[in-house]
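Have the sequence and the structure open side by side as you read.

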Amino acid sequence: MSRLSMISVPRVWRGLVAAGLAVIAALVFGTSDDSYAQEKAAAAEPAAPSAEMVRFGHKLHQSKGVAVEDCQQCHGIKGFEIEPVTRGKNHQPCNTSGCHASEYMSREPKICVVCHDTNEPWVKQIARIRDLPTSEFGGEISHKTHQSDKAAKGGVKCQSCHGNVYVEGEKPEAHAVCGSCHQGGLRPLMSDCGDCHKLGYQAERLKNQSKYAVRARFRHDDHDRDPREKSRETPGCKLCHSGVENANTLSEIPRPTMQSCDACHDGVNAFKTTGFGCVKCHGVAKP
Ligand code: HEC
Ligand code: HEC
Ligand code: HEC
Ligand code: HEC
Ligand code: HEC
Ligand code: HEC
Ligand code: HEC
Ligand code: HEC
């Protein structure tokens, strides 16, 4: 480890403590009378960097010669759980000389918010892990493989990985699911990040979505009961998702067809596909 990196954090730390004391002072001594003046002053100041403004780019780093394929120089893994980037490495390799060493010594560092939600010194700096929807990655998986007898020996059902899709927000933690089989001897191991994650994959997967695609309007929780069944069971996944079991990649998964909707959207059990209800399925997202 370079000497630079050893002295860098405490320096910044002092800067942050000073800034924090100023904030406390403002909170303690500020009165509601001068809040207008404070607001005005705040408006004139440039905004503090936020996680939205400063974002780590894997592609960008690759273009600068960083060996991005070597995921674990930055990402650690414990069992199946992904650790915050650089945990236990004292900010290496980010603060290596020639990279961001000067940033770690700066009085106004910007890159901290990539991993820390806050710059406030009295709060423990917890590094967060970002959500995937706008990720540069995305996890690839072959549904065909996982329908095979070998994968399904214990009976991996759709719900084992997807949770109960008919209840909003009941999605299991992906790594915990995958790790239940792949953490042991089964390849890919959870440490073989690149076997499941592909750079640029998420954008590729989402690029051909039309504004009117049913994805924007369709909700599984509108479909938690099959109106045709007396027992009113939840419909089986394959009623709409036929062909999933043959897909080797996610992009090979066929989108549900309009014919599959006809089973219920016949004007009796639900509004029909041939009527005036087109926008109920093809409209833009519900407010
Ligand atoms: C040079 C350091 C570095 C390397 C190498 C690296 N990452 Fe990252 N990665 C980061 C940082 C920094 C973040 C943003 C902070 C966070 O989400 O914890 C991040 C975020 C992510 C995310 C969250 C969503 C996103 O895209 O922002 C995923 C997924 C990810 N990395 C996967 C990988 C995989 C897979 C590899 C190897 C193919 C890899 N990373 C290599 C530093 C790195
Ligand atoms: C690539 C991700 C990343 C970036 C960027 C980053 N940190 Fe960290 N930082 C961490 C991780 C991981 C830890 C270890 C704490 C933990 O395990 O959550 C940490 C710990 C710290 C700690 C010790 C906190 C404690 O309570 O032990 C300080 C102080 C700190 N960081 C300041 C900074 C500053 C200042 C910057 C910007 C110059 C910065 N960090 C940028 C990931 C990052
Ligand atoms: C071994 C785990 C696993 C099993 C079993 C599984 N899936 Fe998936 N499936 C995934 C993952 C991972 C993704 C990609 C991430 C996501 O969209 O949640 C995915 C994505 C999908 C998608 C979205 C494709 C896209 O283009 O967005 C559909 C539809 C789907 N699965 C249906 C099913 C159905 C139906 C079954 C049962 C026949 C099933 N899956 C079984 C893990 C699994
Ligand atoms: C019930 C156990 C089980 C679970 C859970 C599981 N897998 Fe697998 N996976 C397997 C088996 C078994 C194989 C090897 C199949 C073979 O070789 O025939 C495999 C193979 C793979 C492969 C290698 C390429 C391929 O398709 O052959 C990838 C990638 C993969 N799994 C991703 C995932 C992901 C991502 C998840 C979590 C969403 C996951 N797996 C969850 C059992 C599982
Ligand atoms: C067996 C396949 C597999 C392996 C190996 C794997 N991942 Fe994942 N990972 C996934 C899947 C699937 C998702 C969820 C994708 C989705 O929902 O679209 C995911 C999600 C993530 C996320 C987002 C987590 C969140 O809470 O938003 C990060 C970060 C991540 N992986 C990083 C890594 C890193 C780093 C490694 C290697 C140390 C790794 N993964 C190894 C399959 C895998
Ligand atoms: C009534 C029809 C229907 C049934 C039944 C159904 N789905 Fe879907 N599902 C859809 C439609 C429509 C979409 C949006 C697809 C698109 O436009 O790509 C979708 C999207 C998905 C997606 C990707 C988007 C997301 O929400 O993450 C997954 C994963 C998925 N379904 C899994 C399942 C599973 C697992 C089951 C069974 C438990 C199931 N679905 C049952 C119609 C259905
Ligand atoms: C198992 C029967 C069944 C199937 C198959 C089915 N639906 Fe439905 N759907 C219903 C029922 C029942 C309702 C709620 C009653 C109503 O609104 O007429 C509904 C409501 C909806 C709604 C909510 C409309 C709104 O604005 O409230 C949308 C969107 C929708 N379905 C889309 C689809 C799509 C797309 C498919 C085909 C991929 C599909 N459904 C397949 C039974 C079904
Ligand atoms: C119950 C939901 C539903 C209703 C109502 C509905 N559609 Fe669709 N429609 C779908 C689904 C599902 C698809 C196939 C997936 C996709 O393209 O997003 C589709 C696809 C289409 C396509 C593209 C066909 C193709 O092969 O690419 C057109 C055009 C279309 N619908 C027109 C209409 C018109 C016009 C109406 C009204 C008379 C209508 N739809 C009513 C669900 C519906």
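## Around ligand 3

Helix 6 is the biggest giver to the shell around ligand 3, with four residues. Both helix 5 (143-147) and helix 6 (158-162) put at least two residues into that shell. Keep in mind that this is a predicted model.

There are 16 residues around ligand 3, and the ones that come nearest are His146, Cys158, Cys161, Cys237 and His241. Sorted by class, the shell around ligand 3 has nine nonpolar residues, six polar ones and one charged one.

## Around ligand 6

Ligand 6 has 17 residues around it, with Cys158, His162, Arg215, Cys237 and Cys240 as the closest. The shell around ligand 6 splits into ten nonpolar, five polar and two charged residues.

## Around ligand 7

Now for ligand 7, which has 21 residues around it; Pro227, Pro256, Cys261, Cys264 and Ala270 come nearest. Helix 9 (258-262) and helix 10 (278-282) are the elements that give two or more residues to this shell. By class, the shell around ligand 7 has 13 nonpolar, four polar and four charged residues.

Thr273 sits in the loop between helix 9 and helix 10. Leaving out residues up to four places away in sequence, Thr273 touches Met258, Cys261, Asp262 and His265. With Cys261, Thr273 has a C-alpha to C-alpha distance of 7.7 Å, and the two are twelve residues apart in sequence. Is Thr273 buried, exposed or partly exposed? Thr273 has 17 other C-beta atoms within 10 Å, so it counts as partly exposed.

Gly283 lies in the segment after helix 10.

Most residues other than glycine have a negative phi, and most peptide bonds are trans. Here are some exceptions to look up in the model. Gln92 and Pro93 are joined by a cis peptide bond, with omega about 0°, and Pro93 is in the loop between strand 2 (81-82) and helix 4 (101-105). Another cis peptide bond, with omega about -5°, joins Arg187 and Pro188. Pro188 belongs to the loop between helix 7 (174-182) and helix 8 (201-206).

The loop between strand 2 and helix 4 also holds Thr86 and His91. Thr86 has a positive phi, near 70°, and is not a glycine; for His91, phi is positive as well, at about 70°. Which of the burial classes does each fall into? A residue needs 20 or more other C-beta atoms within 10 Å to count as buried. His91 has 20 such atoms, so His91 is buried. Thr86 has 18 other C-beta atoms within 10 Å and is therefore partly exposed.

## The whole chain

Stepping back, the protein has ten helices and two strands. Read from the N terminus, the order of elements is α-α-α-β-β-α-α-α-α-α-α-α. Of the 287 residues in the protein, 5% are buried. Among contacts with a separation of 6 or more, 63% are between residues 24 or more positions apart.

The average pLDDT of the protein is 75, and 68% of the residues score at least 70. Which elements have the lowest and the highest mean pLDDT? Helix 1 (residues 3-29) has the lowest, at 40, while helix 9 has the highest, at 94. The pLDDT is below 50 over residues 1-33, a stretch that has 31 contacts in the model beyond near neighbours in sequence.

Notes
Residues are numbered from 1 along each chain as its sequence is written. Chains are lettered from A and ligands numbered from 1 in the order in which they are written. This is a predicted model: local features need pLDDT of at least 70, side-chain atom pairs count only at pLDDT 80 or more; totals for chains, interfaces and linings use all residues. A residue is near a molecule or strand if its C-beta atom, placed from the backbone, lies within 6 Å of it. Ala, Val, Leu, Ile, Met, Phe, Trp, Tyr, Cys and Pro count as nonpolar, Asp, Glu, Lys and Arg as charged, and the others, Gly among them, as polar. A residue is buried if 20 or more other C-beta atoms lie within 10 Å of its own, exposed if 12 or fewer, and partly exposed in between; C-beta atoms are placed from the backbone. Two residues are in contact if their C-beta atoms, placed from the backbone, lie within 7 Å. pLDDT is the predictor's confidence in each residue, from 0 to 100.
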